[in-house]
Amino acid sequence: MDYHFRDIEQKWQKFWADNQTFKVDNTSEKPKYYVLDMFPYPSGAGLHVGHPLGYIASDIFARYKRLRGFHVLHPMGYDSFGLPAEQYAIQTGQHPAITTETNINRYREQLDNLGFSFDWSREVRTSEPSYYKWTQWIFMQLFEAYYDKQADRAMPIAHLVAHFERQGTDGIQAVCDEDVRQFTGDEWRSFSDEDRERELLKYRLAYLRESSVNWCAALGTVLANDEVVNGVSERGGYPVEQKKMLQWSMRITAYAERLLTGLDTIDWPEPLVEMQRNWIGKSIGASVRFDVAGHDAAIEVFTTRVDTIYGVSFVVLAPEHELVTQLTTAAQQAEIETYIERTGRKSERDRMADTKTVSGAFTGSYALHPLTGEQVPIWIADYVLAGYGTGAVMAVPSGDQRDYLFAKHFNLPIIPVTDAQVIDEEADARKEGKYINSGIINGLEYKEAVEVLIAKLEDIGHGKAKINYRMRDAIFGRQRYWGEPVPVYFKNGLPRLIAESELPLLLPEVDKYLPTETGEPPLARATNWKYQGQYEYEWSTMPGWAGSSWYWYRYMDAHNDKEFASKQAINYWKAVDLYIGGSEHATGHLLYSRFWNKFLKDMGFVVEEEPFKKLINQGMIQGRSNFVYRVLDEEGKGTNIFVSYGLRDQYTTAPIHVDVNIVSNDVLDIDKFKAWRPEYVDAAFILEDGKYICGTEVEKMSKSKYNVVNPDDIVANYGADTLRMYEMFLGPLEQSKPWNTNGISGVYNFLRKFWKLFHDAQGNFAVSDAEPTKAELKSLHKIIRKVEEDIERFSFNTSVSSFMICVNELTELKCNKRAILQELVIVLSPYAPHITEELWTLLGNAPGTISYASYPVFNPNYLVESEFEYPISFNGKMRMKLNMSLDMDIDEVEKTVLGNEEVQKFIDGKAVKKVIVVKGKIVNVVS
RNA sequence: GCUCGGAUGGUGGAACUGGUAGACACGCAGGACUUAAAAUCCUGUUCGCCUUAAAGCGAGUGCGGGUUCGAUUCCCGCUCCGAGUACCA
């Protein structure tokens, strides 16, 4: 019988589903292993061939781990809240839940086609009330918690309340808003309930705050920074403005340090770790206070170079700084106002593009240098950002290039601070040499100087060492419909949690998925949607990252309606051992998930500080577009003639995207092209070598470029096993690469060759029980070891090559021995699960048992060689080979080599200076 | 600009700690089978030179240097491509 992949694959997929082959319990004698994929958003376009890349890799890994005796959790689900379904709902009026359901069913079909070993009994969907009940529950925990700096962990807010009652704010070290009040215990107890609530909100980890947001009036929503491109919305290109809004936020900054240090404990790709580090943006420096001459005001600055403080020749405030109005003198008022007006009008894009032009305005006031008491002018300039540090800097032109340019432009003094500085052309930020012009630190070096200065500044009450983070608190709300409702209602303008027993707070029905006429979010449209019939609920919904920030725990216990997951399940599975997904989630999902995980751990709900022990990024699969070249007439109008790629230079042409599915190895199928669209029915072609060759280009895979390849089509033509192996064969997992179906026949042929090993010329299943030969055992054990090594380092592509080599060797040896083939079937099964299940059963094993078989034990004895064909190189250039026993020691090898006639020919009478022998590797004769 | 990643035949890629560069596969060329085509099988395939052929010679892993008996691999300097980030004091 030939290799009929269609029958085989359907048969086994059904078998696995019917027998729940991959369903696992939350307990086992075996060691556990948790393999997780980043779950998909089920879009209407369905899966293209790039999506399963990571799933195939993780599935191979999961199947391999099972063979190695691990109890493997390998689940899948859907991140099913999201904008596209909502956008579609706005256009069509169809409820997003319906679209989502349809899309999920399609995804499931496509996934099932590929033979993944997911435990589908644990499927989750973030948009299901049974799931988002727990997302809301976690939100409530965050609302009911604050971050205690002394304990360095989150604590129940009740703990804070008890402290306030006892001794007020005295002795409290908590992460909080800037405008918290100081009070005694007596004062606290005298506060009204509402005052207390108002104050507590400033400490809660989930809190409301006036935030500046990207408001897009046309879309009626707030956009994330990455949804704004060049000052307009990514979707639709509508104008976006900055608007102050009361928004739910998450105090992720409380965890900045732990998020940073945790990076050292996890095995993630270095670029990704680096991205998170940059995002957190820790800088160690000092905050310094400059008093203002003639005003009862002080300017707080943050600097990472307190050692250059004697080089300060001016102070710069952000145009938005709160002191600007107060410090502007009458004489400078017009200039300052003009400047503020001008920078305010500048779009985000202009401000970014225009980093070269120096601009600013003098306020007319002077700051007092905290150490020298000298007066330095106070300027405003848009190179100082209101949102970072204190929105004010001490300018040291000799040590900072931006300050340098500013000083040059406005003719301000540039004071060198070390004897090593070279500042004729530009600022010199090196920390070398000894300090000059620097009062108490003259003659000192960097490290010493910083210590002296910090001590002095603290002593005079003008500054202290300080650590600054670039990361901001995360906004946790969208003015959208298709998301988790926030379990909060408002009473006298203050947010209150609903009762835990009232969860889930269901997403209400609305007549339209648009904002109201007054600009309120869609949820404001819901009729009779009030808490206890009288209080308004929160109208924002949670952002896209809410549901994905904890989903790996739900898989552990997906149907629990008492807890988000049972203690027992969490204690068993603990954390994800291997996580595979795209690097585009580096600073979003992966950072928020680590944050929530740390919080859940602080509160005692989970056990691990880091949720994802090892992480692998799969590369993006790009599209590879094909083009035909339409010939243009003299007037530049398109004709119905198309010229082949190689001849297109002889004509004026316009390239047109052509569906890659009617092109094979860049040769156009002309009949299919004519049938593709009515306008091409009568198309004429100018061919080369009797063929129409298409041009190619690597682009994003998208419908509009006709370069989308659907895995279903590949499966129909070659089978899932071929697709799985081909995706791996394409190259290293982490690397981005264009999809090209051209090479797939190589993998397909490999599987057929593999199949043939088990069958005689007539196609009958035929294996022999004869003793395997040395050569056969060598071939087998080479692959046993190779696959082991490759999988452990996620080098799947090299394994596929090695399988091909192995099958080529066994074919050559005409090997059909059970002792060899049965083991080979196990080794190959993670990669090609269907064909191996079939052959496993044909070999007489119980159906379905291969998934839990034991991976063969590698025996190095089969690979031991007695002889080695030494490459003999002369001055580093390989010229010939010489077969020698591996028992020979270095001297013997050297003697044999020099005694060889052919070797002497290459030496050609020259004096041999040296002979280098590396045993079992190489001989190099130096002359 | 800064940070990170990358560059190897016509193509995808291999070479794991410095030791035979181009495994494996695609494509291409030639051949077998066939009335023919497809499919399949076999042979060749880094480039250049030389040769009827066998063989031989030279160059070669983005570019220029260096270390080494020996460098795709290590070091220094550059070029180009991709990703992230955006005046972060």
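Strands E25 and E26 form a hairpin with five residues between them, and Gly636 in the turn has a positive phi of about 80°. Helices (H or I, at least four residues) and strands (E, at least two) are DSSP runs, numbered from the N terminus. The model is predicted: local features need pLDDT of at least 70, side-chain atom pairs count only at pLDDT 80 or more, and totals for chains, interfaces and linings use all residues. Residues are numbered from 1 along each chain as its sequence is written, chains are lettered from A and ligands numbered from 1 in the order in which they are written, and side-chain values use heavy atoms, with hydrogens and water left out.

E25 (residues 621-632) and E26 (residues 638-643) pair in the antiparallel sense over three bridges, where pairing requires that DSSP finds at least two bridges between two strands. Leu632 stands opposite Gly638 in E26. E26 also pairs with strand E30 (residues 684-686), in the parallel sense and over three bridges. The bridge partner of Val643 in E30 is Ile686.

A further open sheet has four strands in the order E34-E33-E36-E35, with mixed pairing. Strand E34 (877-885) and strand E35 (914-918) stand at the edges with a single partner strand each, so one side of each is left without a neighbour in the sheet. From one strand to the next, the twist averages 20°; axes are lines fitted to C-alpha atoms, for helices over the stretch in contact, and angles run from 0 to 180 degrees between N-to-C directions. E35 and strand E36 (residues 922-926) run antiparallel and are joined by five bridges. Ile916 has Asn924 in E36 as its bridge partner. Helix H28 (residues 890-899) lies across strand E33 (867-874), E34, E35 and E36, and runs at about 125° to E35; contact means heavy atoms within 4.5 Å.

RNA strand B is surrounded by 50 residues, the closest being Thr304, Tyr388, Arg402, Leu730 and Asn924; a residue is near the strand if one of its heavy atoms lies within 4 Å of it. The surface near RNA strand B divides into 20 nonpolar, 16 polar and 14 charged residues, with Ala, Val, Leu, Ile, Met, Phe, Trp, Tyr, Cys and Pro counted as nonpolar, Asp, Glu, Lys and Arg as charged, and the others, Gly among them, as polar. Helix H25 (residues 796-812) gives the most to this surface, with six residues. Of the RNA atoms within 4 Å of the protein, 59% belong to sugar or phosphate and the rest to bases. A phosphate oxygen of RNA strand B is 2.8 Å from a side-chain N or O atom of Tyr388.

Terms used. A polar contact is a pair of N or O atoms within 3.5 Å; within protein, one must be able to donate a hydrogen and the other to accept it, and residues adjacent in sequence count only if both atoms are side-chain atoms.
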